[in-house]
Amino acid sequence: MRIYYPSCLYVLYLLLFGACNHPDPRVIDLQGKWQFHIDSQDVGIAEEWYLTEFPEEVKLPGSMKENGKGEIPTLETKWTGSIYDSSFFFNPALEKYRQKGDIKFPFWLTPNLYYKGAAWYRKQVVVPQSWEDSPILLSLERPHWQTDVWFDDQYVGSQNSLSVAHVFELPANIRPGVHFISVRVDNRLDKISVGPDSHSVSDHTQGNWNGIVGQMSLRALPEISIADVQVFPDRQNKIVRVKTKIKNSTGTTQKGKLQFTVYPKDLDSTQDKKSLEIDFSVSNDYQVVEAEYSLGEDVLLWDEFNPNLYELKVTLNAKESAIDFQNVIFGVRDFTVSNGGFSINDRPVFLRGTVECNTFPLTGYPPTDVQSWERIFKICKESGLNHMRFHSHCPPEAAFIAADKIGFYLQPEAATWPNHSSSLGDGRPVDQYVLDETERIFKAYGNHPSFVMWAYGNEPRGNYVQFLDQSLKEWKQKDKRRVYTGASIGMSWSIIPESEYLVRSGPRGLPFKKRPNSIFDYYEKIKDETRPYVTHEMGQWCVFPNFKEIAKYTGVYKAKNFELFQEELSRNHMANQAEDFLMASGKLQALCYKAEIEACFRTPGLDGFQLLGLNDFPGQGTALVGMLDVFWDEKGYITKEKISHFCNQTVPLSIMDKFVFSNNEAFNVKVKVAHFGAQPLVDASSGYSIFNQHGDTLDTGFFNQPNIPIGNETVLGEIGYDLSKVKTATKCKLEVFVNNYTNSWDFWVYPEKLPQIKHDSIYYTNKLDDQARMILENGGKVFLDASGEIENGKDVKAYFTPVFWNTSWFKMRPPHTLGILVENDHPAFADFPTDFHSDYQWWEILNGQQVINIDAFPVDFKPLVQPIDTWFLNRRLAQLFEARVGNGKLMVSSLNHENMKEAGSASAQLLYSISKYMNSDQFKPVSKLDYEVVHELFEKKERETVNLYTRSGPDELKPDKVKK
């Protein structure tokens, strides 16, 4: 029995012939109906199930879930994945979501059916007469995951790759006629734990499914065949080195010729194609033949801008005929480390990436067709990206084929996150598994030009440094077609010394405890590192759920988590605000991503970033961190085209020390550009315009910088504008263009001097004291500055930035809110230009301020400024509201008032606008509140707080005993 670690050739071969009208007579397609039997008691091997008929039937390729097999999830389901917040199992308020038959788990998407264990698949095949005495390969492209195979009553072998096809050589001398193939698939982690949260197996992402997907076939081989072809392009010498592995099944020495033909993939098939022939003699089972093929003077190179591909056809001629061939698609490129950064074909590269976490909720597994991956990569490119990291998993062959075609740089990983009950370098079975999986992936996908980077996995624990260091050292010498790092890690993980580049979390985050600006960068965090540095899992800014998305889950997973959040929102009387919460929080999320991405472009020596993520992550507590949803669709608050304004090969950058100005200040702004295009820009056109909120042009100009090199240090020029021309509170926009690339920044200008307002008719106080009550009873007006005095709501922590990742996974680590929803058309803001969402002018007013819990208010009560709570709790919150109390009118604010008397500040302008409103006839609050309801907000008493029902340990799993 032989087990093959396949190259990409065989799967590509099947993909090519699968598209033909004339099927290859050497291939039997195994797709279709298979017999099926669940082996939940693990008795199938002992009872020799491979000799028996199975009682059920499924269709393959497919999963058990797709075939309606498995059990309905319950509270006792043994999931694959850490549950950091187990409060769901105990919280009395969530009891209705724990009912049998309709459980709504908040941690991740819920499968219709679930099964973890062994399952058997059996199919009758007819071996044709023409295959007699031929070696036969069984290929299963994507089983999940560990397979054992029988052919009739003979055990063939087992395989356990999560990344490449399981290919088996069947027993020799199979007679033509009827036979049976039996495959036992086991999706448990009992034998080898790659980590329960690894995205190759975890229920947080694709789900731990059981089945076989992708190409499935038998293939008859000639007695002498091509087992593998590895291609090593040499750009400098304009040649390609080819290592061809020949398999000899005859048992005797065989001679023949290998013919190599290389041509551009899109070359007209009628054009001449030069061939190279090499004699071979193979006496053993296998022989590797090496050849050098000249590509000529005009070599077409591969990169993100010009993804030129070549096709290599290797033909094996023996016994006076062509008896086997393999086609290989490859690209000529050098992706290397140079001068402390990345370069492709001697040109600097800045990686603009996202993390793909194996999230495909319609099927529960990654697509094996090229078209699906082309769609994803095109969406990424439309959003300005050029790179993708596959977090703790490796995608199918189709992803590499699509990335080759589109021009996209990939970093797959060895299907492991050896943490959270697993580890690396401690002598566990996963150690050898990682080494084997690495070799399998390199062999299967190493010819693809898009495969430019490699990491063994995500954030390991254990003695991983020495373990990975040795493997890195070996592969750096053996295969220089890509660059290598040990693992994608946070700052508390040790660096593997042999890493050629780093993916680490240091250069990320927004320093918005201080005034927002577009000056800051991450240089201080990377200045001591000489290797290329890519930001690990940047972003993770959350947005409120898009409940319209629920209808998209038409496959094997349902968004029960979304349904739970939606029902809780409705229970708290805010169902009609869901869309507003999504749009307002989305605008803040996009603002944060823009700020962080631009800071990366400003950072000298930084070589890229990997977002987490461009699209949502549906697990780990439900991490709604994407500007796109999990289906890679827009959510409505920002388009892919808008994202590409601040994330692209060419990005104008403004260097502004603040975004809020007084009209007695100078507006002097330096403008730079980060350019990482196909070549330097020559005779570039660049300039700027300043607009007000009505779209009127306030200023325009051009820069005298026609030649822009590749890099991020080019200064276009400086902008100077006299803000004294702006007489009233105004929202402005600075827009900068370089050729067809534009970027823009909003800023606000407020008058240095504000008109005097008579305050005699308003009682300003920071206490709801007797005087305030008397004034309200007598029909007066009260402005209550409640900042620092709130008791009901003080447990809610609000920053200017939104929730990071989600409050469940990090056990209510602040902040707890997702920005604010503003009644921006309310007359209280008539002199304070604002949109309906958080923006930079709100920073000094909002950041770190107290939040008011108004759950006890009438259900139809709407504040003027409403913080958007974490979707796990959906509390009704406020920071500015008005009401009729007694016979009077009350305005309550927990916003920052310290700067409200500082000329030209946003705080002063807001106070002016509110005061002017309160002094006008328009101050007519609609809602009425009892005095006692308002007073309760300030009462010091014991209050119900969030109970997580768990210890503080981050690796705590769901308790064994589940309370209903």
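# Sheets and nonpolar cores in a predicted model

Four strands make up an open sheet, arranged in the order β17-β16-β19-β20, with antiparallel pairing. The structure is a predicted model. A six-strand open sheet is also present, and the largest nonpolar core contains 189 residues. The points below take these features in turn, together with one buried residue, threonine 244.

**The four-strand sheet**

- Its strands follow the order β17-β16-β19-β20 and pair in an antiparallel manner. At the edges are β17, covering residues 275–282, and β20, covering residues 321–330, and each of them pairs on one side only.
- On average, neighbouring strands in this sheet are turned by 20 degrees against each other, with direction ignored.
- Strand β19, made of residues 310–318, runs antiparallel to β20 and is joined to β20 by nine bridges.
- Within this region, leucine 312 has valine 328 of β20 standing opposite.

**The six-strand sheet**

- This open sheet has the strand order β4-β3-β7-β12-β9-β10, and its pairing is antiparallel.
- Strands β4 (56–60) and β10 (154–159) each have a single partner strand, so one side of each is left without a neighbour in the sheet.
- Neighbouring strands here are turned by 30 degrees against each other on average, again with direction ignored.
- Strand β3 (residues 32–39) and β4 run antiparallel and are connected by five bridges.
- Lysine 33 has a bridge partner in β4, namely lysine 59.

**A buried residue, threonine 244**

- Threonine 244 belongs to strand β15, which spans residues 239–248.
- Threonine 244 counts as buried because its relative accessibility is 0%, and buried means under 20%.
- Leaving aside residues up to four places away in sequence, threonine 244 touches Ile226, Asp228, Val229, Leu258, Phe260, Gln287, Val288, Val289 and Val314.

**The nonpolar cores**

- In soluble globular proteins, nonpolar side chains tend to be buried together.
- The largest nonpolar core holds 189 residues, and those with the most contacts inside it are Phe88, Phe377, Phe609, Phe667, Leu734, Phe747 and Trp842.
- Helix α8, residues 578–602, supplies the largest share of this core, with 15 residues.
- Another core lies apart from this one and has 28 residues, among them Trp34, Val125, Val127 and Leu138.

Conventions
Residues are numbered from 1 along each chain as its sequence is written. This is a predicted model: local features need pLDDT of at least 70, side-chain atom pairs count only at pLDDT 80 or more; totals for chains, interfaces and linings use all residues. Side-chain values use heavy atoms; hydrogens and water are left out. A nonpolar core is a set of buried Ala, Val, Leu, Ile, Met, Phe, Trp, Tyr and Cys residues joined through side-chain atoms within 4.5 Å. Buried means under 20% relative accessible area, exposed over 50%, partly exposed in between (1.4 Å probe, protein chains only). Helices (H or I, at least four residues) and strands (E, at least two) are DSSP runs, numbered from the N terminus. Two strands pair if DSSP finds at least two bridges between them. Axes are lines fitted to C-alpha atoms, for helices over the stretch in contact, and angles run from 0 to 180 degrees between N-to-C directions. Contact means heavy atoms within 4.5 Å.
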